[in-house]
Amino acid sequence: MSGGTRDTPIGLQVELESDERDVRVGLEVAAGERVALLGPNGSGKSTVLNTIAGLIRPDRGRASLGEKVLFDLGGTAHDRQASRRVWRPPYARGTSLLAQEALLFPHLSVIDNVGFGPRSTGAGRSEARATARQWLDRVGAAELADRRPDQVSGGQAQRVAIARALAAQPDLLLLDEPLAALDVAVAVEVRQLLSRVLATQTTVLVTHEVLDALLLADRVVVLEQGRVVESGTTAEVLTRPRSRFGAQFAGLNFATGVFDDGALRTAEGVRLWGTGSPVPAQSQRAVAVFRPSAVIVSASVPTDSSPRNAHPATITELEPMGDLLRVHTDRFAADLTAAAVAELGLRPGSEVILSVKASEVAIYSA
Ligand SMILES: Nc1ncnc2c1ncn2[C@@H]1O[C@H](COP(=O)(O)OP(=O)(O)OP(=O)(O)O)[C@@H](O)[C@H]1O
């Protein structure tokens, strides 16, 4: 070990069940792996993070970091014998939690904030300060060492908080939307910093940002209503999502149903023709995914190209999206230029036909 993260990363295994919150989640993070937890508000992301950190006690479950048991409350698949109840307190877990706000200790200088972890695991004052200096250097905040937390900006405070979290040499780093409170420009810098320092750090990251998943995570786990609904490499989930939230995160239109005679049939009876990749078996549960930019909006069914997928829809909302407008409807979303929206006279309540070529729709098993 050298004033940094542990030389040999270790992995995490968690199973937890909370009745009050209706959260039942199993999660495995390999040694050195960085996993992003995604999901809508209230889907259970913070519950998972705070349970691992030891701030929330679930009803049942078990978690271990390498050989170290964080808690074992029984009632899980591992619980083959009546298990001994284990609840390791937060400070003895080897985890560091970094939240949206830096939450530095206000009465300590920046360097002593960063040296706090090493001090509390037995390092002497000068050794702790040396480790803290190395970390402040690594996060580009060496010149802040002697300041008080109220003398640094939000972005600087978050850099210091990252240094403090990592100087404690955590076996597991827990990040709860660490960039959400920062200005866009500062978030870009701190994201770069995180991607540099997290390379081999076992990490669980809660985020709502696609860029965080792309740059900071090896794998993505999607929660909906307290359950894991999909998991895969970041690239897999962004290109072939299998959950509604995964598709929303990737900015894609999404429908679920069963594969039936060459098309997806949804529970509402809508049929979507597409390209099977690979083609699902007849009657298999499947999803259809396509880009909003592939959707054509018109006042009536186009006669020239006769697309197989043409559906009546009502516009619900218009939203700016880069240099386009995203047209939300009661069915799918479409990206149009402002000129096209003006020409068609589109506004919430307008009734339109949405069409998309079958070659633009990917259908695969759910
Ligand atoms: N203190 C609490 N007591 C009881 N139930 C709670 C408490 N906090 C959250 N819940 C419930 O637990 C479930 C999971 O919430 P949680 O905060 O973990 O979701 P989340 O995915 O982190 O949401 P967000 O993105 O809004 O932070 C929700 O149904 C929520 O209403």
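This is a predicted model: local features need pLDDT of at least 70, side-chain atom pairs count only at pLDDT 80 or more; totals for chains, interfaces and linings use all residues.

User: What makes S1 and S4 count as paired strands?

Analyst: Two strands pair if there are at least two bridges between them. S1 and strand S4 (residues 60-65) are joined by six bridges and run antiparallel, so they meet the requirement of at least two.

User: How do you know that S1 pairs with S2?

Analyst: The rule of at least two bridges applies here too. Seven bridges link S1 with strand S2 (residues 23-29), again in the antiparallel sense, and Gln-13 stands opposite Glu-28 in S2. S1 and S2 form a hairpin with four residues between them, and Asp-22 in the turn has a positive phi of about 50 degrees.

User: Why is S1 called largely enclosed by the rest of the structure?

Analyst: A residue is buried if 20 or more other C-beta atoms lie within 10 Å of its own. In strand S1 (residues 12-18), five of the seven residues are buried, so the strand is largely enclosed.

User: Why is Gly-262 called partly exposed?

Analyst: Exposed residues have 12 or fewer neighbours, buried ones 20 or more, and partly exposed ones fall in between. Gly-262 has 14 C-beta neighbours inside 10 Å, so it counts as partly exposed. You can find Gly-262 in the loop between strand S12 (253-260) and strand S13 (263-265).

User: What makes Leu-136 stand out in the largest nonpolar core?

Analyst: The core has 62 residues, and Leu-136 is among those that touch the most other members, along with Ala-36, Leu-37, Val-114, Val-160, Ala-163 and Leu-174. Helix H4 (residues 154-167) gives the most to this core, with eight residues. Leaving out residues up to four places away in sequence, Leu-136 touches Ile-111, Val-114, Ala-141, Ala-142, Leu-144, Ala-145 and Ala-163. There is also a second, separate core of 29 residues, including Ala-263 and Leu-354.

User: How is the chain divided into domains?

Analyst: Domain 1 covers 10-239 and domain 2 covers 255-365. Their centres, taken over C-alpha atoms, are separated by 39 Å.

Methods. Residues are numbered from 1 along each chain as its sequence is written. Domain bounds come from an automatic or database domain assignment. A nonpolar core is a set of buried Ala, Val, Leu, Ile, Met, Phe, Trp, Tyr and Cys residues joined through C-beta atoms within 7 Å. Helices (H or I, at least four residues) and strands (E, at least two) are DSSP runs, numbered from the N terminus. Two residues are in contact if their C-beta atoms, placed from the backbone, lie within 7 Å.
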